[in-house]
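User: Hi! I would like to go through this model with you, one question at a time. Could you help me read it?

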Amino acid sequence: MARYRALVVDDEPDILELIEITLGRMDIDTTTAADLAVARKQLGNGARFDLCLTDMRLPDGSGLDLVAEIQASRPDLPVAVITAYGSMDTAVQALKAGAFDFVSKPVDLQVLRNLVGTALKLSDTRSFPARDRRSRDELIGDSAPMQRIRALIAKLARSQAPVYISGESGTGKELVAHLIHDKGPRAEQPFIAVNCGAIPAELMESEFFGHKKGSFTGATGDKEGLFQAASGGTLFLDEVAELPLHMQVKLLRAIQEKAVRPVGEQRETPVDVRVLTATHKNLEQLVRDGHFRQDLYFRINVIELKVPPLRERREDIPRLVEHLLSKLGHDARHRLSDTAVQALQAYDFPGNVRELENILERAVTMAEGEIIEAEDLHLQTNTASDQPTTAGSPPPPGSVPLEDYLGEIEKQAILDALDQTHQNKTAAAELLGLSFRALRYRLKKLGLD
Ligand SMILES: Nc1ncnc2c1ncn2[C@@H]1O[C@H](COP(=O)(O)OP(=O)(O)OP(=O)(O)O)[C@@H](O)[C@H]1O
């Protein structure tokens, strides 16, 4: 088999030599260029390359230009940039321009090897069909916005850039993240999804980065963190807006340095993880209000992918219904009448696709015949304020001690919120004006979890 070939563009002979030796040990031949003019010549003479690595500051211009030119003339050639220490802005610019990844100086050889390994997988396979067959991960919908999202997923799967997925609850953000992973070179490695709101603040650092035995009370052995568990693969941070500020600083460092330091450990170790994030909250607003760090926002939001609410793509509903029914395992038996489908298409779906899934599941469970009619769907048309409470009323004041009385009211409010949000705790917490963690605490306290 022919050996791989890389084009490395840098004006510092020492760096060229270091990279050439490192790549040589990975069975990759290197063609070097000390400036843009030579690089263009190498690219222009028809030579086959599997990878290009370019410094950002070159004697006759910027590596960004080369990234853009390669994007235009050889979009299948993965190009990564070498950035000066601490110049994250340039790295972000390069990723936006189409570089698939970056490595910062001084070049950490392990980071370089990881990056090169990923690049070679990219040039080996144009797509990653093994995972495409899994119907679980199918993104249903032919509406214009869904077609755009599908094309974007295919493009983003080839990049290593952080992607920030925004959209209301239940729109399919996690599914999109999964697909970006499944269709890319990391597909055979782990995809780890974490709900940032579900980890208690005091355990967060150890959950993310791991800990050494004895580093705190209860640390009875070494523990691997989520970053290490996702090694080689993708870490999907859902509800990233819920990260406390002290963790935001640590996450920023992990993403920038591509290294983590377990609690109680002196040294950082390199990790090769692609980070994808999502939230249904308005992160830009949270940055403006000082609740989310701007530097982290810029870092995770290199590329934003907006998943539209279901009510903005109603034409997708019939196919989604079919797909979700078959996922429920009821396709053979149940189907919706035309009026039932029309009723769904007229409904606003505050809980989006997840709500549609729940509505169908309930309807199928309760259905007596094969055909599900509009009234079997029990679509809610009333607003939150005029909805009856779902679990009865609290006892009259004075009939029980105040503490119990208040507890009962709290319980009702929580049950109502969960009902309205179809058991989505994140959305329920928001409805109640509580943090996810505070809701979890109350659920436990009231014996509702
Ligand atoms: N376009 C789609 N095609 C098929 N299934 C979908 C689609 N969109 C969403 N789903 C399904 O709907 C459910 C909710 O999707 P998902 O969990 O990805 O939403 P989310 O936006 O991450 O929600 P949250 O904000 O609450 O975390 C999942 O079971 C998912 O598989």
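User: Gladly looking at it now. How are α14 and α16 oriented to each other: roughly parallel, roughly perpendicular or oblique?
Analyst: Keep in mind that this is a predicted model. Helix α14 and helix α16 (residues 352–366) pack at an angle of about 55°, with 10 Å between their axes. Roughly parallel needs an angle under 35 degrees and roughly perpendicular one of 65 to 115. The pair α14 and α16 is therefore oblique.

User: Nice. What is the handedness of the crossing of α14 and α16, left-handed or right-handed?
Analyst: The helices in question, α14 and α16, have axes 10 Å apart. Their crossing is right-handed.

User: How does α14 lie against α15?
Analyst: Helix α14 (residues 317–328) packs on helix α15 (residues 338–346) at about 115°, and the axes are 10 Å apart. The range for roughly perpendicular runs from 65 to 115 degrees. The two helices, α14 and α15, are therefore roughly perpendicular to each other.

User: Which residues meet there, and what classes do they belong to?
Analyst: On the α14 side, I317, P318 and V321 take part, and they meet V341, L344 and Q345 of α15. Sorted by class, the contact of α14 with α15 has five nonpolar, one polar and no charged residues.

User: Where is K258, and is it buried or exposed?
Analyst: K258 sits in the loop between α11 (245–257) and β11 (259–260). This residue also has a positive phi, of about 55°, without being a glycine. A residue needs 20 or more C-beta neighbours within 10 Å to count as buried. K258 has 22 of them inside 10 Å, so it is buried.

User: Which residues does the cis peptide bond at P106 join, and what is its omega?
Analyst: Most peptide bonds are trans. P106 is placed in the loop between β7 (101–104) and α5 (109–124). The cis bond joins K105 and P106, and omega is about -5°.

User: Which feature does UniProt place at D55?
Analyst: D55 belongs to strand β3 (residues 51–55). The UniProt entry, which is unreviewed, gives the feature at D55 as "modified residue: 4-aspartylphosphate".

User: What surrounds D55, apart from its neighbours within four places in sequence?
Analyst: D55 has 22 other C-beta atoms within 10 Å, so it is buried. Leaving aside neighbours within four places in sequence, the contacts of D55 are V9, D10, D11, G63 and I82.

User: How far is T279 from V263?
Analyst: T279 is part of strand β13 (residues 274–279). This residue is buried, with 24 C-beta neighbours inside 10 Å. Beyond four places in sequence, T279 is in contact with S166, E239, V240 and A241. T279 and V263 are 16 residues apart along the chain, and their C-alpha atoms are separated by 27 Å.

User: Why is α8 described as largely enclosed by the rest of the structure, and which of its residues are buried?
Analyst: Helix α8 (residues 173–182) has ten residues, and eight of them are buried, so it is largely enclosed by the rest of the structure. The buried residues are K173, V176, A177, H178, L179, I180, H181 and D182.

User: Last one: what share of the protein chain is buried?
Analyst: The chain has 19 helices and 16 strands. Of its 449 residues, the buried share is 36%.

Terms used. Residues are numbered from 1 along each chain as its sequence is written. This is a predicted model: local features need pLDDT of at least 70, side-chain atom pairs count only at pLDDT 80 or more; totals for chains, interfaces and linings use all residues. UniProt positions are given in the numbering used here, feature names are shortened, and annotations may be inferred rather than shown by experiment. Helices (H or I, at least four residues) and strands (E, at least two) are DSSP runs, numbered from the N terminus. A residue is buried if 20 or more other C-beta atoms lie within 10 Å of its own, exposed if 12 or fewer, and partly exposed in between; C-beta atoms are placed from the backbone. Two residues are in contact if their C-beta atoms, placed from the backbone, lie within 7 Å. Axes are lines fitted to C-alpha atoms, for helices over the stretch in contact, and angles run from 0 to 180 degrees between N-to-C directions. Angles under 35 degrees count as roughly parallel, over 145 as roughly antiparallel, 65 to 115 as roughly perpendicular and the rest as oblique. Ala, Val, Leu, Ile, Met, Phe, Trp, Tyr, Cys and Pro count as nonpolar, Asp, Glu, Lys and Arg as charged, and the others, Gly among them, as polar. A crossing is left-handed if the near helix is turned anticlockwise from the far one by less than a right angle, and right-handed if clockwise.
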